[in-house]
Structures are given as structure tokens and as C-alpha cells.
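This briefing presents selected features of one protein model. Please keep the sequence and the structure in view while reading.

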Amino acid sequence: MIKPIEFKNGKNLTLRGFIHEPDNFETAVIFLHGFPASNNYPVSIRIGESLEKLNYLVLRFEFSGTNSSDGQLEDKLMSEEVNDIKYAIDFIHSNYSVKQLILVGHSTGAINAALYAHRDARINKVILLGGVGNLKEAISYDFSTEQVQDFLSKGAITFNIQNHWTFNKKLKKAFYDEFFTLDVLGSLSKFENQVLIIHGENDEAVPVSKDPIELHQAAKNSKLFIIKNADHKFLELEHWNELITEVDKFIRTELA
């Protein structure tokens, strides 16, 4: 069963999303979408549907300043997205009784998960999908050369993808500036529990040769799983099924 939900963050903004609620569950999964993705993206929809079928409670919400949630895109900061995670966990614990809570992030959502996880003892395990390690070297993953020039010369960029929730909206340079100050690897190294890192061999957005390896090395207790021929969004059904099988196994068992 899928239900729309909403909850407030620390700035009293309403964050909106969906809860996938199976008949019986002991484990809750909170999914963190990438940027400028939303709940309408395939990874978000598929993670909810796939894990609900395996009897996991799944919360997928949109960060502040994203699509249906309150806040302005132009004022978005990654640190504010990271702060939103606490209130998603609060929502789960206020409304459901679960024995285990898993944080799953994709792309920029994986960055947010790595930055936040060590702060909150309620998180039992973390799963990073298509994650980024060193943000100082990864600005080109999210922004084109032209966009970087607009940040520097105009103080903002304007998105121009037709029929996308960001269309004709601005994002201020503060987002770009903060990007270089966030320590993903250092934050992840402070998380004491288990981490699963899944990456596509043919990831076109985040190179498989560097970032997943750095994340694996930074985490104290981690497993790295590369899906052969998979892209950044694991779009092919066989790749998605392989991802879900590995996620399910990781949640249910201890690392070898």
C-alpha cells in the first residue's frame, strides 16, 4: 500500500513524499533521491515498489526546495538536505514500530547519507548507490562548464530542461560554494555500522574507477558491489534485479 505523507523539517517547512507500507514489516528504509531528481524519478519509484514487495517499510520523500516540498530551489544547500534526514527518521519513529532502520541514498542522495549517518544512532545500516567520494573533484558530475561559468559570473544558474520540475528556476552560487566544503569521506569514516556501496560498471555520471573505491576505503565496515554493465540509474531490469537482490541480502545478513 502506498500513501502520501508529509512532515515538517527543522525550519518548519513541509516535506512531502510517499510511504510504501507492506502488511508485515520489521525494517524501515528511508530513500534519499539525487539532485536535481525527485520522487518522480525511476530510481525512487522502483526502490519503493521493489522493497515493499520484500516486506520493507519504505519512506521516499523530497528534500526541502525540491518539487512538491516547501522551500525555494534557488536557496537550496546540500547541508539543508542533510539536515532534513533527521526529520524523516523522526517521522518513521513517531508513526511506526520498527526493529531496524536503513538509510539508502542514490547519487547526491548517497552524498547526503554519507554526510549524515554518523550523527544519528538510530541508523543501523547505510546503502550508497552511485555515490560520490571527493566533492572537490566532482563538481563536473553535476554541473557543466557553462553552468560553472554562470555561477562565477552571474552568481546563479538557470535550469532549462523542458517538462522538468526545475525548468526556468534558479540555483544560487551558495550551493556551488558549499560543495567544496563538505567532507564525504571523512564523515563516512565516522559511521561505525555496516555500509553497502553499489555502483554500475558503466556509470556515466560517477566513474566506477574512483569514487566507489574511495567510499569503500573510507567506511570502517563496508562491502563494495559492482554491477556489470550497469549505468548510473540501473535502468536495465537485470541490473535492477541484481541491485535489489544485493540490497535485500545486505539488510538481512551480517557482512562476511
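The points below are grouped by topic, beginning with the strands.

The model is predicted. Strand 3 pairs with strand 5 and with strand 4, and 6 of the 6 residues of strand 3 are buried. The largest nonpolar core has 57 residues, and a second, separate core has 23 residues.

- Strand 3 is largely enclosed by the rest of the structure, because 6 of its 6 residues are buried.
- In a regular strand, side chains alternate between the two faces of the sheet.
- In strand 3, T27, V29 and F31 point one way, while A28, I30 and L32 point the other way; all are buried.
- Strand 3 and strand 5 run parallel and are joined by 6 bridges. Within this pairing, I30 stands opposite L103, and A28 has L101 as its bridge partner.
- Strand 3 also pairs with strand 4 in the parallel sense, over 5 bridges. Here L32 has F61 of strand 4 as its bridge partner.
- Between strand 3 and strand 4 the chain passes through helix 1, forming a right-handed β-α-β crossover.

- Strand 5 is mostly covered, with 7 of its 7 residues buried.

**Helix 1**

- The buried residues of helix 1 are V43, S44, R46, I47, G48, S50, L51 and E52.
- These buried residues pack against several elements, including strand 1 (2-8), strand 3 (27-32), strand 4 (57-61) and helix 9.

**Nonpolar cores**

- Which residues touch the most other members of the largest nonpolar core? Of its 57 residues, these are I30, I92 and L128.
- Helix 2 (residues 78-95) gives the most to this core, with 7 residues.
- Leaving out residues up to four places away in sequence, I92 touches I19, A28, I30, L57, L59, V98 and L101.
- The second, separate core of 23 residues includes V43, I47, F234 and I251.

**Backbone features in loops**

- Most residues other than glycine have a negative phi, and most peptide bonds are trans.
- The peptide bond from F35 to P36 is cis, with omega near 0 degrees. P36 lies in the loop between strand 3 and helix 1.
- N12 has a positive phi, near 65 degrees, and is found in the loop between strand 1 and strand 2. With a relative accessibility of 53%, N12 counts as exposed, since the cut-off for exposed residues is over 50%.
- N55 has a positive phi, near 70 degrees, and is found in the loop between helix 1 and strand 4. With a relative accessibility of 42%, N55 counts as partly exposed, because this value lies between the 20% and 50% cut-offs.

**Two individual residues**

- The side chain of T14 makes a polar contact with the side chain of K8, at 2.9 Å.
- Apart from its neighbours within four places in sequence, T14 is in contact with E6, F7, K8, S69 and D70.
- E238 is placed in helix 9 (residues 237-252) and counts as exposed, at 59% relative accessibility.
- The C-alpha atoms of E238 and T181 are separated by 37 Å, and these two residues are 57 residues apart along the chain.

Conventions
Residues numbered from 1 in each chain as written. Predicted model: local features only at pLDDT ≥ 70, side-chain atom pairs only at ≥ 80, totals over all residues. Heavy atoms only, no water. Helix = DSSP H or I, 4+ residues; strand = E, 2+ residues; numbered from the N terminus. Buried < 20%, exposed > 50% of the residue type's maximum accessible area, 1.4 Å probe, protein only. Contact = heavy atoms within 4.5 Å. Pairing = 2+ DSSP bridges. Right-handed = clockwise from strand over helix to strand, strands pointing away. Polar contact = N/O pair within 3.5 Å; in protein donor to acceptor, adjacent residues only side chain to side chain. Core = buried A, V, L, I, M, F, W, Y, C linked by side-chain atoms within 4.5 Å.
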